[in-house]
Amino acid sequence: MVVSVKVFKKATPNGKVTFYLGRRDFIDHLDYCDPVDGVVVVDPDYLKNRRVFGQLVTTYRYGREEDEVMGVKFSKELILCREQIVPMTNSNMEMTPMQEKLVRKLGSNAHPFTFHFPPSSPSSVTLQQEGDDMGKPLGIEYTIRAYVADTEDDRQHKRSMVSLVIKKLQYAPPTRGQRLPSSLVSKGFTFSNGKISLEVTLDREIYYHGEKVAATVQISNNSKKSVKNIKCFIVQHTEITMVNAQFSKHVAQLETKEGCPITPGANLSKTFYLIPLAANNKDRHGIALDGHLKDEDVNLASSTLVQEGKSTGDACGIVISYSVRIKLNCGTLGGEMQTDVPFKLLQPAPGSVEKKRSNAMKKMKSIEQHRNVKGYYQDDDDNIVFEDFAKMRMNNVNMDD
């Protein structure tokens, strides 16, 4: 059985310039980031002594499009990298194996390009919109574009410009470590002796998307109050650095009275399981997602990782973190007590068993989807499958209808 290699393809409206990209996900390994490597095919008769320029662009939208009135803008577009692709100016550029294969297959009109993300550039994150909100989503989006012009600063015409949305993501470290995050709090009461102690311990520090989060709760009631019920939440914390805004959303929760009431002098030890999933939070405004692209499944936004010696306060863009929150209801007069235990939610690293398992599940879904999608064709000679971005989107719209 021959394994096909998927290559993404998109052309300008006039069909004269075409992008070919081997992947859309580029991984930030903290000490370095995968380069954006692809190939542009251009019709030489259309070029007529003009040039093809390329750009790596990020758009940072931190406010709703419908609120942009009287010239006020809630988005920033930054050109992170720019380069002349045709004719090539970087003669020392080394091609990746995928670029070499594409250039051989597509012929003399194929021109390779490579863009590099700047250090500390933020990961792709999208804030989920409400169902009836049709504006551009808040978040950080990366795009590569190519256009035909005489000079780099000439006005870009839509008919001869092509752009692709890509994602910059972070993976979990190869090992998860042995540390078990925990928190211990106690609460005393006015006009009443004794305290209630609450200890929460997680079974690991790093969880992969789709895994159960196990929180072991130990309650010691040495007060004269009773614990009526227990609430468990997984909280997604989002910080938008551009406007210095912070908010939190519950992405999984449960409430139980099992073992309650915990009367004076009684103890309780119990493990609760929660699974934070994007599928369970559809259409909830403000939930952060891992750079949502319309034609594929999406995860909740991964935790923001920073290099050793730095704190997440140094990160820019949209900073994501997670915690398990346990609340005890101590009655009308006793009020509530709570504690948060932070953890990291990430994608498994390439090569790990978890990643292989995740890829296998995605492959099964992909095979099922491609039975209905005709936005690609296969070339048996080189085992390359080209997927047309525009056609895939059109087919998805039809299926949704």
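**Salt bridges and a pocket**

I found Lys167 to be buried, as its relative accessibility is 6% (buried means under 20% relative accessible area, exposed over 50%, partly exposed in between, with a 1.4 Å probe and protein chains only). The model is predicted: local features need pLDDT of at least 70, side-chain atom pairs count only at pLDDT 80 or more, and totals for chains, interfaces and linings use all residues. Residues are numbered from 1 along each chain as its sequence is written, and side-chain values use heavy atoms, without hydrogens and water.

I looked up the partner of Lys167 and found a salt bridge to Asp25 at 3.9 Å, N to O (a side-chain nitrogen of Lys or Arg within 4 Å of a carboxyl oxygen of Asp or Glu). Lys167 is in strand β10 and Asp25 in strand β3, 142 residues apart (strands are DSSP runs of E, at least two residues, numbered from the N terminus). Asp25 counts as partly exposed, because its relative accessibility is 28%.

I then examined Glu211, which forms a salt bridge with Arg176 at 2.8 Å between the closest N and O atoms. Both Glu211 and Arg176 are buried. Glu211 also meets Arg204 in a salt bridge (3.4 Å, N to O); Arg204 is partly exposed at 29%.

I searched the whole structure and recorded 15 salt bridges. Arg23, Asp34 and Asp37 are linked in a network of them.

Lastly, I noted that residues of domain 1 (5–170) and domain 2 (182–352) both line the second largest pocket, so this pocket lies between them (an open set of points on a 1 Å grid over the protein atoms alone, where a 1.4 Å probe fits, with protein on both sides within 12 Å along at least five of seven lines; lining residues have an atom within 4 Å of a point; domain bounds come from an automatic or database assignment).

How values were computed
Helices (H or I, at least four residues) and strands (E, at least two) are DSSP runs, numbered from the N terminus.
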